[in-house]
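Here is a short report on a two-chain model.

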Amino acid sequence: MDARAAALKLHPGMALASARAMVRALDVVEADPAADAKLLGQIADWCDRFTPFVAIDRFDGLLLDVTGATHLFGGEEKMLAQIRAKIAAQGFVVRGALAGTAAAARALARYADGTIAASGEEAKATAFLPVAALDLEPRDTHALKRAGLKTIAQVAGRGRGELNARFGKTFVFKLDRALGLGEQPISPRRILPDLLVEHRFADPVVAEDFIAGTLLSLGRSLCGVLEERGQGARFLEASFFRTDGVVRHIAFETARPLREAETIARLFRARLDALADPLDPGFGFDLVRLAALHVERLVPESVGLGARPDEDKEIAFLIDRLAARFGSHRVLSFQAQDTHIPEAAAVAVPAQHAPETKIAFEPRLAGEVPRRPLRMMEKPEPIDVMAQVPDGPPLRFRWRRVLHAVTRAEGPERIAMEWWKNQSPQPTRDYFRVEDEAGRRFWLYRDGLYGREPFSPRWYVHGLFA
Amino acid sequence: MSRNLHALAGIRQLLAPAADPDGGRTPLGHAQADRALRGGLMCGALHEVFAADAAGSGFAAALARRAAGSKRLLWIVQDYSALEHGQVSATGLAEFGIDPTAVLLMRAANATDALRAGADALCCSALGAVIVEIPGNPKILDLVASRRLVLGAQAKGVTAFLLRSEAEIEPSAAQTRWLVRSGRSPGIDDWGSPRFDAELSRNRQGETGRWMMEWCCDDGAFRGLSEQAAHSGAVVSPASDRPAFAPPQRRAG
């Protein structure tokens, strides 16, 4: 609702027909909650420049926790005025207020635009607001009105026991919060960074080199703080605030705690190079922020004569660079698992997040030929099989429409499923290593035993030997 | 403190044995192949392995294992290859004689990503070898792309391997080109070590040739077949009237 609509005496919630009757030239647009939510999200992103702690309030409000940030903008009044002015300049109608608790600020913003309630004076500020400001169930608001309680002060004047009995505990909590007596934690939209450094520009910047240089200098100041604290960053994010309100966040993770500004700048460069839609400066950025979303203790490395610390460090850097470019889920390292089920005996985990493990790979038996295939199908592929005896290896099999005649076979290697883990019984597998007439070696298995388990046995290709 | 560390690093460098006493070559262990390669596979170069079947993966892994020495190796697999030929398996690597913890696996979405990741990885001198798996003949892999890999490999001494499957042979800047298919086991009951029918079809430094090569998983080295096995008809003479290397025919079922 803006002032012009109010002047025409329109109000939210009125029937379309009566609105049309009042204003003949009414232009009607269907409500689009999804687009509204998206726009609100963009405004919330933009508000990140005031504080990293921004939360969405319902479908039309934003809560900013500015604790400890007001002095950066010249005090509470100036900060509120600046926020209101900048949002209004983008063409929005804005109401705003500042108070000691989220619920009080919310009530004031919606019903007493522009109020700043000093800490401890929330009750006084909200006293004359209508009960609707309490954010109650519509049912309760209606009941209060029927009871003749129109303002918050009137409700607050009643006994707590009385209200509790009539409206329940939640009601009393909400009332207390609006009066500044209790606080409800608000949940921020984005991860709160452990550390952040930022650079504001008087004039918007566009040049790519300049932005890269800014990231490097921000990296240096971030690393300075990290060094003082004995920490390194594991998860870094750069945020680029455009003058027209668009915010772009670019984040990457690292394999080990990082405290080198040059490396940070290089990883950002790799990440920026690999973006599907490149960073568009538009009319320029007026704020660039570098945040360490997650930090870890960084122990100064001990230099051992036998170890190869440089090599490990270089590998970690390579992993970071590839992950920054292609995604952390694409750069993998192998870990052994404590199971004998062939497909689960080893897992490939993102190398950046590979946890320490005590399980070692089973060493190969000396003198033994490989018992497991080098390439394993991600999902065993069914095959048609002709076997000489039901329990024996196949004579011929057809896989992907090609017929293979088996010339040699080794097996079976019988692998029972983990019945103590699965609810439904799973068939035992008999594995065979077979070689066809061209020397290709396959790893086949028969799912189920003839006559013993209540399944009709099926055959699969599970892997290919080199 | 930091000066001491630098001094220490310098001393360590002096004490460390040279990575390759053989002048950048690593012998494969197969006498004839090593003779043709003038002592062994050149490190810090690009080698191509054209695979007719799964044996190609094993052969490339074996070469990379030899070239990498004690360093780690990176295997770049495209998503398509993983579906078509199976994913590289850690237990399989262990059984093949390669420590799975010394292998990094990178899943690339397409050939462009795979080549770019390969070029990135070749800049990391802590790696011993990089295997880039490229199925088919994508346009992006041309002479320029392969030369870029060669330059990358030379710069830091990381050996690069291009593993090609379902691919036509095309011009490249590679040092060697191998055409590999599975080799048949000898006798009826003898299920032997992995065996490759490997043809060295291009060698910038010497003769070409075709050999039956067996990979000894315990020693991590190739070896020739014993006399008896060599005469069991496993090696066929190269055909002169048709392409020596054709993908296996598929029958409609």
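## Hairpins in chain A

This model is predicted. Strand 9 and strand 10 of chain A make a hairpin, with six residues between them. Strand 9 covers residues 375-387 of chain A, and strand 10 covers residues 394-399. The two run antiparallel and are joined by four bridges. Across this pairing, A:M386 stands opposite A:R396 in strand 10 of chain A.

Strand 11 spans residues 402-415 of chain A. Four bridges join strand 10 to strand 11 of chain A, again in the antiparallel sense. Here A:R398 faces A:L403, a residue of strand 11 of chain A.

## Domains of chain A

Five domains are assigned to chain A. Their bounds are 1-30 for domain 1, 34-178 for domain 2, 195-322 for domain 3, 331-363 for domain 4 and 375-464 for domain 5. The C-alpha centres of domain 1 and domain 2 of chain A are 26 Å apart.

## A four-stranded sheet in chain A

Chain A holds an open sheet of four strands, in the order 3-6-4-5, with antiparallel pairing. Strand 3 (195-205) and strand 5 (247-258) of chain A are the edge strands, and each pairs on one side only. On average, neighbouring strands of this sheet are turned by 15° against each other, direction ignored. Seven bridges link strand 3 of chain A to strand 6 (residues 285-297) of chain A. Within that pairing, A:H199 stands opposite A:V288 of strand 6 of chain A. Helix 12 (residues 261-273) of chain A lies across strand 4 and strand 5 of chain A. Helix 12 runs at about 130° to strand 5 of chain A.

Leaving aside neighbours within four places in sequence, A:E237 is in contact with A:H249, A:I250, A:A251, A:A291 and A:L293. A:R289 is 52 residues from A:E237 in sequence, and their C-alpha atoms are 8.1 Å apart.

Strand 7 (residues 127-135) and strand 8 (residues 159-165) of chain B run parallel, joined by seven bridges. B:I131 stands opposite B:F161 in strand 8 of chain B.

## Where the chains meet

In the interface, 53 residues of chain B are in contact with 49 residues of chain A. Elements of chain B that give two or more residues to this side include helix 1 (2-15), helix 3 (55-68) and helix 4 (79-85). Helix 5 of chain B gives the most, with seven residues. By class, the side of chain B that touches chain A has 25 nonpolar, 17 polar and eleven charged residues.

Strand pairing also crosses between the chains. Strand 9 of chain A and strand 5 of chain B pair in the antiparallel sense over two bridges. A:M376 stands opposite B:Q87 in strand 5 of chain B.

## Chain B and confidence

Chain B has eight helices and twelve strands. Buried residues make up 49% of its 253 residues. Among contacts in chain B between residues at least 6 apart in sequence, 71% join residues at least 24 apart.

The model scores ipTM 0.82 and pTM 0.74. Chain B averages a pLDDT of 84, and 78% of the residues score at least 70. The pLDDT is below 50 over residues 15-23 of chain B, a stretch with six contacts beyond near neighbours in sequence. Residues 227-244 of chain B also stay under 50, and the model has 16 contacts for them beyond four places in sequence.

How values were computed:
Residues numbered from 1 in each chain as written. Chains lettered and ligands numbered in written order. Predicted model: local features only at pLDDT ≥ 70, side-chain atom pairs only at ≥ 80, totals over all residues. Pairing = 2+ DSSP bridges. Contact = placed C-beta atoms within 7 Å. Nonpolar A, V, L, I, M, F, W, Y, C, P; charged D, E, K, R; others polar. pLDDT = per-residue confidence, 0-100. Axes fitted to C-alpha atoms, helices over the stretch in contact; angles between N-to-C directions. Buried ≥ 20, exposed ≤ 12 C-beta atoms within 10 Å, placed from the backbone. Domains from an automatic or database assignment.
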